[in-house]
Amino acid sequence: MSTSPFSLEDKRVVAFGGGGYLGGATVEMLLQLGARVVVADLFPDYTREQAALFRDNPACRLVTCDVSSTADVRAAFGACREAFGGVEAVLNFATYMGSAKAGEGNLKRFSVEETTDEDFDHSIRGVLGSTFRVLREAVPFLKESGGGSVVLTSSMYGMVSPDPSIYGDSGQNSPVFYGTGKAGVLQLTRYAAAHLAQYGIRVNCVTPGPFPAQRKLPPEEFLRKLSAKTMLGRVGRAHEIAGAYCYLVSDTASFTTGANLVVDGGWTAW
Ligand SMILES: NC(=O)c1ccc[n+]([C@@H]2O[C@H](COP(=O)([O-])OP(=O)(O)OC[C@H]3O[C@@H](n4cnc5c(N)ncnc54)[C@H](O)[C@@H]3O)[C@@H](O)[C@H]2O)c1
């Protein structure tokens, strides 16, 4: 029986932020396709099914990792090398932002005029700086494997602005530093793709549209407005984006680098 071209049986993957909504669904699919995966996360929130699938699975390791720490990021790659012998692919889902002061995370108050220099810097580090750190620290490990695939995560709000009229006081407001940092992730993807191709390293980005976590769905009225902004008239479910990451890890994407794969129900296309 021939192996599927989408098989990931020869891929060893580190997934930063792989314990979250989109990351968790992607790790599930990676494992299903035969990859061996290290999930590196600080506050993982696995579903019951994911916990059962990931824990005590010889193809999966769960490590505590803070992407704001170079030592932690390096250790996560080291854990993959130790457990599985090397690293062929790296995914980043992890993002943090908000107030620079501990315990002040409410995004509601981050209007342009109320965002302080400290909050902006802290959040750009969390959205863009941590993505850069993961990418940079991946390079020696991927070189050791003779090349590989890096898949970063941007957002539709790195491509277009949130429309303030749909947010009102819903509490779901997307702050200025989020999209600004995510736009940087798109350019980081292109820059890194151009400069790392010589090592056989492909760098691509997945850009999610609206994927509210099913366990924390926003108020119905807001969800209706959000859905109406897509061509498909609804929000996405995590399993509908997991395949984009798996494709970019797989050898079927061997000629794809510097690309932005938008999965947004058409939000940014009209
Ligand atoms: N869900 C959406 O609608 C949507 C839309 C556009 C873009 N995105 C992007 O997709 C990615 C995943 O989003 P999600 O909805 O799964 O979010 P999520 O919050 O469920 O997952 C993010 C994960 O990152 C982890 N994390 C946070 N800070 C960390 C740190 N310092 N170190 C290590 N891990 C840390 C969290 O513990 C969490 O498991 C994010 O980059 C997000 O910006 C999501």
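Two residues are in contact here if their C-beta atoms, placed from the backbone, lie within 7 Å. This is a predicted model, in which local features need pLDDT of at least 70 and side-chain atom pairs count only at pLDDT 80 or more, while totals for chains, interfaces and linings use all residues. Residues are numbered from 1 along each chain as its sequence is written.

The protein chain has eight helices and seven strands, taken as DSSP runs numbered from the N terminus (helices H or I, at least four residues; strands E, at least two). Its radius of gyration is 18 Å, close to the 18 Å that the globule rule gives for 270 residues, so the chain is as compact as a globular protein of that length. That radius is taken over C-alpha atoms, and the rule is 2.2 Å times the number of residues to the power 0.38. The C-alpha trace spans about 55 × 40 × 35 Å along its principal axes. Of the contacts with a separation of 6 or more, 74% join residues 24 or more positions apart.

Of the 270 residues, 42% count as buried (20 or more other C-beta atoms within 10 Å of the residue's own; exposed means 12 or fewer, partly exposed in between; C-beta atoms are placed from the backbone). The largest nonpolar core has 64 residues, and Val-14, Ala-15 and Phe-16 have the most contacts inside it. Such a core is a set of buried Ala, Val, Leu, Ile, Met, Phe, Trp, Tyr and Cys residues joined through C-beta atoms within 7 Å. Helix α4 (residues 117–144) gives the most to this core, with seven residues. Beyond its neighbours within four places in sequence, Val-14 is in contact with residues including Val-38, Ala-40, Phe-77 and Val-90.

Helix α8 (residues 239–249) has as its buried residues Ile-241, Ala-242, Tyr-245, Cys-246, Leu-248 and Val-249. Seen down the axis of α8, they fall within an arc of 165°, so they line one face of the helix; the arc is that of the directions from the helix axis to the C-beta atoms. Their cover includes β1 (12–16), α1 and β5 (148–153).

Around the ligand are 26 residues, of which Gly-17, Gly-20, Leu-22, Phe-43 and Ser-155 come nearest (a residue is near if its C-beta atom, placed from the backbone, lies within 6 Å). Helix α1 (residues 21–32) gives the most to this shell, with three residues.

Asp-56 is found in the loop between α2 (48–54) and β3 (60–64). Its phi is near 55°, a positive value in a residue other than glycine. With 8 C-beta neighbours inside 10 Å, Asp-56 counts as exposed.
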